[in-house]
Amino acid sequence: MPRATLSVLIPVYNEEEFVGELLERVAKAPLPPGFEREIIVVDDHSVDGSAEVVQDFIASWPDLSVKLIRHERNRGKGAAVRTAIAAASGYYTIIQDADLEYDPNEYSRLLAPLVEGKADVVYGSRFLISGERRVLYYWHSLANKLLTTLCNIVADVNLSDMETCYKVFRTSLAKSIPLHSDRFGIDPELTVKFARRGARMYEVPISYHGRTYEEGKKIGLRDAFEVLWVILRARLTPRICSTSGPATLEALSVAGKFNRWMADTISPWVGERVLEIGAGIGNMTRQLCSRRKLYVATDIDIDHLEQLRRKFQHRPAVKVHRLDAENHADFLPFLSKFDTVICLNVLEHLRDDAAVLASIRDILEPEGRLILLVPNSPDVYGTLDAALGHFRRYTPESLSTLLAGAGFEVDEMLMFNRISRPGWKFTGQVLKSKSLSSAGLRVFDKFVWLWRRVDHKLPWEPVSIIAIARRPH
């Protein structure tokens, strides 16, 4: 996705009178220099002529990217927003109501914190000091403030306007979050889950030209009660990631003692100029980057890269770069620049592991070290491995052969984390689970002090192998 593309998501239900004018305003709204726009209209089974108005607009703007999606039954604003998010292809996304209450001329202001790299999510607040705001219902405003306060307490944020229509965010972030609300609960669900994912949330003031109920306002008392339920559900659900990979990284982020155990195991071989492949959200980067002259954290995932930039923006030695380990050209800027490459739980995700190891060898200086952690024992491969995208598990023998074929000399082969093997096998082969439990990992993490003492004495094979390999002269 080009970084300078904005997806405008417009949920529509019986807005024949307003949607044509709104689309004209969206099409003409100024954007930051170089930006393009796409418009995605989701008609939530309107019974008036809303869809026909949209079709007429599309015909009159043939050079503008506009998509109309029609629901076969009325499902609610949240369902329309979810449909639109799934269809969005821009780098950034904004939600735009069709009722002319919000002014598209404010897009550039809303986008500014995102474009500047300060924010992951921006809310347009109707209650911050702004140009103008129509004075309307006191009790509606009070209910909004109460619901915003409750959402703030649950999400641990300090928004002034949770229920604003104008929410702008990186599209990939929203796509990576499982959303379920069909009606106006989509606002607190997005808010709580953005916060739980650690998104940097900003507010900017906007103008607001609200409608009265006589003029077509649709939110009511039923929706206020639904919002209360959604806030609670969004806080208690264990699923804040759509796929197993990000979910596992989020789960492991709570296992600080386990991450420290892994870092302590490999730290004697970590040098001063380090490149980490597949840094994810920085669980190990945080443990290992101190006292390095250079630490380059890389990943292929857009959201992981943004999180890495956010977490380490005040660490001058830490640089964040995109690197596709299966694309040899991505390694070329780094040839012979590092004394250490760290590659933890990555190689098993790559189809051509031998080619990747050859690329890693090229970026190491002579006598530079590769610290490689991979899953052990093909016989414990189960649904967890499949859900995480593992193509294989290794044995010490197969890993040694693979490294030798890529031109490495193996200095050490460490057996790591025997304690988890029975649980991994039971979870993946008996329970057929596809994700790790954050609650279970928190309990496991409390006893890492014990696992570190007994792990080497356990009589079975470990979950992981750590190879310390060297590029010879």
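Biologist: Is the crossing in which H1 passes H2 left-handed or right-handed?

Modeller: The crossing of H1 past H2 is right-handed. Bear in mind that this is a predicted model. Helix H1 covers residues 19-28 and helix H2 covers residues 50-60. Their axes lie 9 Å apart, and the packing angle is about 35°. On the H1 side, the contact is made by Val19, Gly20, Leu23, Glu24 and Ala27. H2 contributes Ser50, Val53, Val54 and Phe57. Sorted by class, the residues of this contact are six nonpolar, two polar and one charged.

Next, the sheet. Seven strands form an open sheet with mixed pairing, in the order S3-S2-S1-S4-S6-S5-S7. At its edges are strand S3 (65-70) and strand S7 (201-205), each of which pairs on one side only. From one strand to the next, the twist averages 20°. Within this order, strand S4 (residues 92-95) and strand S6 (residues 167-170) run antiparallel and are joined by three bridges. Ile94 has Val168 of S6 as its bridge partner. Helix H4, residues 107-115, packs on the sheet and touches strand S1 (5-12), S4, strand S5 (121-125), S6 and S7. The direction of H4 makes about 150° with that of S5.

Another helix to inspect is H12, which spans residues 302-311 and is mostly covered, with seven of its ten residues buried. The buried set consists of Asp303, His304, Leu305, Glu306, Gln307, Leu308 and Arg310. The N-terminal end of H12 is capped by Asp301, which places a side-chain oxygen 3.0 Å from the backbone nitrogen of Asp303.

Finally, a single side chain. Asp411 sits in strand S13, which runs over residues 409-416. Leaving aside residues up to four places away in sequence, Asp411 touches Arg369, Ile468, Ala469 and Arg470. With Arg470, the Asp411 side chain also makes a side-chain polar contact of 3.1 Å. Leu364 is 47 residues from Asp411 in sequence, and the C-alpha to C-alpha distance between them is 16 Å.

Conventions. Residues are numbered from 1 along each chain as its sequence is written. This is a predicted model: local features need pLDDT of at least 70, side-chain atom pairs count only at pLDDT 80 or more; totals for chains, interfaces and linings use all residues. Side-chain values use heavy atoms; hydrogens and water are left out. Axes are lines fitted to C-alpha atoms, for helices over the stretch in contact, and angles run from 0 to 180 degrees between N-to-C directions. Helices (H or I, at least four residues) and strands (E, at least two) are DSSP runs, numbered from the N terminus. A crossing is left-handed if the near helix is turned anticlockwise from the far one by less than a right angle, and right-handed if clockwise. Contact means heavy atoms within 4.5 Å. Ala, Val, Leu, Ile, Met, Phe, Trp, Tyr, Cys and Pro count as nonpolar, Asp, Glu, Lys and Arg as charged, and the others, Gly among them, as polar. A polar contact is a pair of N or O atoms within 3.5 Å; within protein, one must be able to donate a hydrogen and the other to accept it, and residues adjacent in sequence count only if both atoms are side-chain atoms. Two strands pair if DSSP finds at least two bridges between them. Buried means under 20% relative accessible area, exposed over 50%, partly exposed in between (1.4 Å probe, protein chains only).
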